[in-house]
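Welcome, and thanks for taking a look at this one with me.

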Amino acid sequence: MSLSDAARAVRENAYVPYSHFKVGAALLTPAGNVYVGCNVENVAYPEGTCAEAGAIAAMVAAGETEIAEAYVIADSPHPVPPCGGCRQKLMEFAKSSAKVTLATVDGAELVTTVGDLLPGAFTTEHMDRS
Ligand code: THU
């Protein structure tokens, strides 16, 4: 299954009783494996857990820690940008040059990179004097 089909399919499983806004994410690793996640909300924290974070958790739980490419899809007028926290989480596991495709369910796609999504990222280099 392609990365886009995987993200589109898992989006259907999103648990979104508060926002009613379903998001699907799929990650490809250098080993060629695909991990998926959808957003999961709850009453105490209605913003819940983002789809990207869910896919990252699935990847790490399976024993992998590198993202080669990411795909995020939602039903919105324009491709949805990942939230700030998810940008940092993607950066943790991807090279700056890793491709990220943001998509809408009706076929619009915006192709960017992890580095372009998080300019001036905080990295371990900033702790070099510690
Ligand atoms: N959301 C994601 O899952 N990923 C994004 O990139 C943007 C926002 C979710 C979180 C929440 O469940 C809903 O969308 C509205 O913020």
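How many helices and strands does the secondary structure of the protein come to?

1. The model you are looking at is a predicted one. Its secondary structure comes to four helices and five strands. If you trace the chain from the N terminus, the elements follow the order α-β-β-α-β-α-β-β-α.

2. Now for the overall dimensions. The C-alpha atoms fill a box of roughly 45 × 35 × 30 Å along the principal axes. A compact globule of 130 residues would have a radius of gyration near 14 Å, and the protein agrees with this because its own value is 14 Å.

3. Next, please turn to the ligand. You will find the ligand in the largest pocket. Around the ligand there are 13 residues, and the closest are Asn39, Glu41, Cys50, Ala51 and Glu52.

4. For Glu41, an N or O atom of the side chain is 2.6 Å from an oxygen atom of the ligand. For Glu52, a polar side-chain atom lies 2.5 Å from a ligand oxygen. Ala51 takes part through its backbone, with an N or O atom 2.9 Å from an oxygen atom of the ligand.

How values were computed:
Residues numbered from 1 in each chain as written. Predicted model: local features only at pLDDT ≥ 70, side-chain atom pairs only at ≥ 80, totals over all residues. Heavy atoms only, no water. Near = heavy atom within 4 Å. Polar contact = N/O pair within 3.5 Å; in protein donor to acceptor, adjacent residues only side chain to side chain. 1 Å grid on protein atoms, 1.4 Å probe; cavity = no way out; pocket = protein on both sides within 12 Å on 5 of 7 lines; lining within 4 Å. Sits in = over half its atoms within 2 Å of the grid points. Helix = DSSP H or I, 4+ residues; strand = E, 2+ residues; numbered from the N terminus. Rg over C-alpha atoms; globule rule 2.2 N^0.38 Å.
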